[in-house]
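Subject: Structure for your files

Hello,

Here is the structure I said I would pass on. My notes come after it.

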Amino acid sequence: MRVRLEVSAHHCHVTGEDVAILFGRGYRLRPRRSISQPGQYAAAENVRIRIGTGEITARIVGPERPHTQVEIPKTLAVHLGVNPPVTYFGNSSAPRVLCELIGPKGRVRRKAVIIAHRHIHCDPRAAARLGLRNRQTVSVRTHGTRPLTFHDVVVRIHPKFKLACHLDTDEANAAGIRAGEWGTIVK
Ligand SMILES: [Zn+2]
């Protein structure tokens, strides 16, 4: 059971309301590059984000979402002196770390910083083929220069998803893999 590995650097998702605050009323994000999940894109816009003791610049991944969320790897969190929860979209219970997003037209404070829980995006057809259930956890073995097996990889199934395993840069570096390599799902 092969799955393509994709590597996420730090980035943020924003609500339409926050786009209006940061970039001005009526502003539309400009897609710059599509990413593997259908309909999603890396926007041309960056925002500055104050977190903990420092400030980062983060790419916005669009389109707009119901919640503003900033995703950073643990290494960056340590550097900034914060301890965000390891969680994922749709899990609203984990207390997120406060940050301030700064755009050309305004700024907004949000409890929004997390470390993304490693996950597999999967469409229903691939899920049926692979025997995967929504929210199930699996392991993914990697085959890079420092092979290892990631446990507790949560499966998310949605008609708009395309099969891919998302790791952050810490995880990819630990395993010595680059985006686009293949992993093996181990149930
Ligand atoms: Zn993802």
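Predicted model: local features only at pLDDT ≥ 70, side-chain atom pairs only at ≥ 80, totals over all residues.

Residues are numbered from 1 along each chain as its sequence is written, and side-chain values use heavy atoms, with hydrogens and water left out.

Zinc site. His119 (NE2), His121 (NE2) and His166 (ND1) coordinate the zinc ion at 2.0 to 2.1 Å. Donors are N, O and S atoms within 2.8 Å of the metal (3.2 Å for Na, K and Ca); water is not among the atoms, so the site may look incomplete. Along the chain the donor spacing is H-x1-H-x44-H. His121 in strand E10 (residues 119-122) and His166 in strand E13 (residues 164-168) are 45 residues apart; strands are DSSP runs of at least two residues, numbered from the N terminus. His121 is buried at 6% relative accessibility, and His166 is buried at 13% (buried: under 20% relative accessible area; exposed: over 50%; partly exposed: in between; 1.4 Å probe, protein chains only).

Rings. The whole structure holds one aromatic pair. Phe23 and Tyr27 have ring centres 5.0 Å apart and planes at 20°, so they are stacked (centres within 6.5 Å, planes under 30 degrees apart). Phe23 is buried at 8%, whereas Tyr27 is partly exposed at 28%.

Strand residue. Ile115 lies in strand E9 (residues 107-116) and is buried, with a relative accessible area of 7%.

Regards

Methods:
Helix = DSSP H or I, 4+ residues; strand = E, 2+ residues; numbered from the N terminus. Phe/Tyr/Trp six-rings, centres within 6.5 Å; stacked < 30°, edge-to-face > 60°.
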